[in-house]
Amino acid sequence: MGYNIGIRLIDEFLAKSNVSRCVDFKETAEMIAKVGFKMFLGVTASVMNWDADGTCCSIVLEDNPLVDFVELPDTCQGLYYCNILSGVIRGALEMVAMKTEVTWIRDMLRGDDAYELQVKLLKQVPEEYPYKDDE
Amino acid sequence: MGRDVSESCIDSLLTEMVSTYCNRFYANKPELAARRIEAIGYQVGHQLSERYTMERPCFSDHLEAIKFICKDFWFELFKKQIDNLKTNHRGTFVLQDNRFRWLTRMSIDQSPENGTSEELSIMADNKTMQSMHLYFPCGIIRGALSNLGIPCAVSADISNLPACSFVIRIKA
């Protein structure tokens with residue numbers, strides 16, 4: 001579900017934020033954490049735990065409006081309540097030519113102390129134009 | 001304690017919820033999808049009305065409760081009140097919202113003069129999709145009223161987009 005939302009939300013993000021193209025994945029991650037989250041959820045996140053290649057990082061949310069009134073009952077202990085967010089990020093990034101894998105590392109509803117999403121860049125897919133230059 | 005999130009979040013979530021239930025979970029079973037969506041709305045309405053009536057005394061009669069739905073409740077949800085309330089004084093109320101927020105993004109299909117059968121069936125599909133989106137708000141109203149002790153049935157009428165009417169029939 002998040003994926004389907006993300007592929008459309010990216011259009012609104014680009015239209016409203018008026019940002020220029022990101023130079024690399026690091027800038028992309030910062031954009032999502034600072035501008036994206038602020039624009040849609042009203043909170044800022046921070047980016048940390050970069051790996052050596054610069055293809056994998058964590059986005060940490062101190063504050064998550066999705067869970068304001070939420071407690072997981074016993075029957076749902078294995079549920080990733082906020083998984084829609086991972087889909088949204090994955091969908092949005094795919095529309096700007098990045099294939100990623102987004103997973104939850106820490107989740108306060110499951111007893112951790114913060115919300116941490118790991119975003120891993122799998123592949124950058126260059127945009128393909130259907131027209132040849134010489135035609 | 002109010003929080004601000006963008007309106008497109010709720011629009012996207014609702015559209016996606018309807019689409020997921022209609023096309024994935026209950027593909028080809030629109031009645032089941034509709035019932036699930038309405039049930040989700042019921043839960044939401046129930047909890048919202050609990051929250052919005054926390055500091056208020058109980059309503060003295062059905063009309064007061066309906067007026068609460070039309071004014072305060074609708075305002076909390078949609079930043080506006082219901083534009084028109086009609087009743088037959090025998091348990092049926094019609095709430096009209098002249099510009100229902102959740103439908104403003106939907107296209108209004110004008111009926112063709114001489115529709116071919118294909119055009120008409122496409123139009124019928126569009127109408128079905130539009131009506132699917134209304135099960136959620138109908139459920140919200142039914143859930144809210146049920147929390148106020150008023151069992152009822154709620155249906156919607158979109159013959160006049162972007163205006164939307166909700167018909168509440170209170171069960172005796």
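The model is predicted: local features need pLDDT of at least 70, side-chain atom pairs count only at pLDDT 80 or more, and totals for chains, interfaces and linings use all residues. Residues are numbered from 1 along each chain as its sequence is written, chains are lettered from A and ligands numbered from 1 in the order in which they are written, and side-chain values use heavy atoms, with hydrogens and water left out. Over all chains, the structure holds 12 salt bridges.

**Sheet of chain A**

- Strands (E, at least two residues) and helices (H or I, at least four) are DSSP runs, numbered from the N terminus.
- Two strands pair if DSSP finds at least two bridges between them.
- Three bridges hold the antiparallel pair of E1(A) and strand E2 (residues 56-61) of chain A.
- Opposite Met48(A) stands Ser58(A), in E2(A).

**Helices on the sheet of chain A**

- Contact here means heavy atoms within 4.5 Å.

**Sheet of chain B**

- Strand E3(B) and strand E4 (residues 164-170) of chain B run antiparallel, joined by six bridges.
- Ala156(B) has Phe166(B) in E4(B) as its bridge partner.

**Hairpin of chain B**

- Strand E1 (residues 84-87) and strand E2 (residues 92-97) of chain B run antiparallel, with four bridges between them.
- Leu85(B) faces Leu95(B) in E2(B) as its opposite residue.
- The hairpin of E1(B) and E2(B) has four residues between the strands.
- In the turn, His89(B) has a positive phi of about 60°.

- Helix H1 (residues 7-25) of chain B has 19 residues and reaches 26 Å from its first C-alpha to its last.
- That is close to the 27 Å expected at 1.5 Å a residue, where the expected span is 1.5 Å times one less than the number of residues.
- Buried residues in H1(B) include Asp11(B), Leu14(B), Met17(B) and Tyr21(B).
- Buried means under 20% relative accessible area, exposed over 50%, and partly exposed in between (1.4 Å probe, protein chains only).
- Ser8(B), in helix H1 of chain B, counts as buried because its relative accessibility is 7%.
- Not counting residues up to four places away in sequence, Ser8(B) touches Leu9(A), Glu12(A) and Phe40(A).
- The side chains of Ser8(B) and Glu12(A) make a polar contact (3.1 Å).
- A polar contact is a pair of N or O atoms within 3.5 Å; within protein, one must be able to donate a hydrogen and the other to accept it, and residues adjacent in sequence count only if both atoms are side-chain atoms.

**Salt bridges in chain A**

- A salt bridge is a side-chain nitrogen of Lys or Arg within 4 Å of a carboxyl oxygen of Asp or Glu.
- Glu30(A) and Lys34(A) form one, with the closest N and O atoms 3.9 Å apart.
- Both lie in helix H2 of chain A, four residues apart, about one turn of the helix.
- Glu30(A) is partly exposed at 33% relative accessibility, and Lys34(A) is partly exposed at 38%.
- Asp113(A) and Arg106(A) meet in a salt bridge (2.7 Å, N to O).
- Arg106(A) also forms a salt bridge with Glu116(A), with the closest N and O atoms 2.7 Å apart.
- Arg106(A) lies in strand E3 and Glu116(A) in strand E4 of chain A, so this pair ties together parts 10 residues apart in sequence.
- Shared partners join Arg106(A), Asp113(A) and Glu116(A) into one salt-bridge network.
- Asp113(A) is exposed at 56% relative accessible area, Arg106(A) is partly exposed at 24%, and Glu116(A) is buried at 7%.
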